[in-house]
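Please look over the sequence and the model shown here before reading the briefing. The notes that follow are grouped by topic.

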Amino acid sequence: MTAPMPPASAFAAAAAAVHIRPLVAADAVAYKALRDEALRTAPDAFTSDYAASVGRPAKEYAVRFGTLESGVFFLGAFNAAGQLLGCVGCEREQRAKQRHCATVVGMMVAPTAQRRGIGQQLVAACVLAARHVPGLTQLVLTVTASNTHVVQLYEQAGFHAWGLLPRAVVVDGVGYDKLHMLLLLTSDPFPACRSK
Ligand SMILES: CC(C)(COP(=O)(O)OP(=O)(O)OC[C@H]1O[C@@H](n2cnc3c(N)ncnc32)[C@H](O)[C@@H]1OP(=O)(O)O)[C@@H](O)C(=O)NCCC(=O)NCCS
């Protein structure tokens, strides 16, 4: 049985200096600014690239924001002035055979706000929200293997690596390996079926 969805205040309580809540359409402009800056300053961390993204209208991103209940959502970390400092997304698979699975995407904190624990709080809030989505039993993600501090951040949140895709992305002629990581959301994800 899945527990009821936590109220938005649960995320605020988990965050010390920031308020974490789901992004809504009105946040699209701030999200695009944060995303463009992250793609520009950390090109090896993302599959999307700055040149192809900077011209996209902000409103195109609003469809990604979804709802907590659906398992397709984005969480944003805001400071006291309401400025978006970081975000993380959860994209649940839609096909029947894969709906137990969601991918953590778009994890980023503004360069000026990094190293203050915001990334850690965002991942924790994302995992907490995912645990309350009925039928969702595992989270996966990929992370550039050489970004060891980001790998550690995910490990601290309970993810473990299960594979490595060599040269998953090439940036300015340099290949970067992507580590594939998994977090089981329940101790017994499939009581009625076996892995085969
Ligand atoms: C990854 C990212 C979101 C982390 O956000 P953050 O708010 O800086 O992370 P936190 O402050 O919560 O740090 C979490 C841990 O990582 C460590 N860490 C964070 N940035 C680090 C860095 N540049 N170098 C070394 N360690 C770092 C912190 O020390 C902390 O560990 P600790 O608390 O045990 O000491 C942020 O660095 C970022 O946006 N990077 C560029 C985009 C990116 O790589 N996204 C991930 C895609 S998979």
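The secondary structure of this predicted model comes to 5 helices and 8 strands, where helices (H or I, at least four residues) and strands (E, at least two) are DSSP runs numbered from the N terminus. Along the sequence these elements follow the pattern α-β-α-α-β-β-β-β-α-β-α-β-β. Residues are numbered from 1 along each chain as its sequence is written. Because the model is predicted, local features need pLDDT of at least 70 and side-chain atom pairs count only at pLDDT 80 or more, while totals for chains, interfaces and linings use all residues.

**Confidence**

- Of the 18 residues around the ligand, Ala45, Gln114, Gly119, Gln120 and His149 come nearest, a residue being near if its C-beta atom, placed from the backbone, lies within 6 Å.
- Two or more residues of this shell come from each of β5 (101-109), α4 (118-131) and α5 (148-156).

**Burial and helix α4**
- Of the 196 residues in the chain, 27% are buried, meaning that 20 or more other C-beta atoms, placed from the backbone, lie within 10 Å of the residue's own.
- The buried residues of α4 include Ile118, Gly119, Leu122, Cys126 and Ala130.
- The end C-alpha atoms of α4 are 20 Å apart, which agrees with the 20 Å that its 14 residues should span at 1.5 Å a residue, counted as 1.5 Å times one less than the number of residues.

Conventions. Buried ≥ 20, exposed ≤ 12 C-beta atoms within 10 Å, placed from the backbone.
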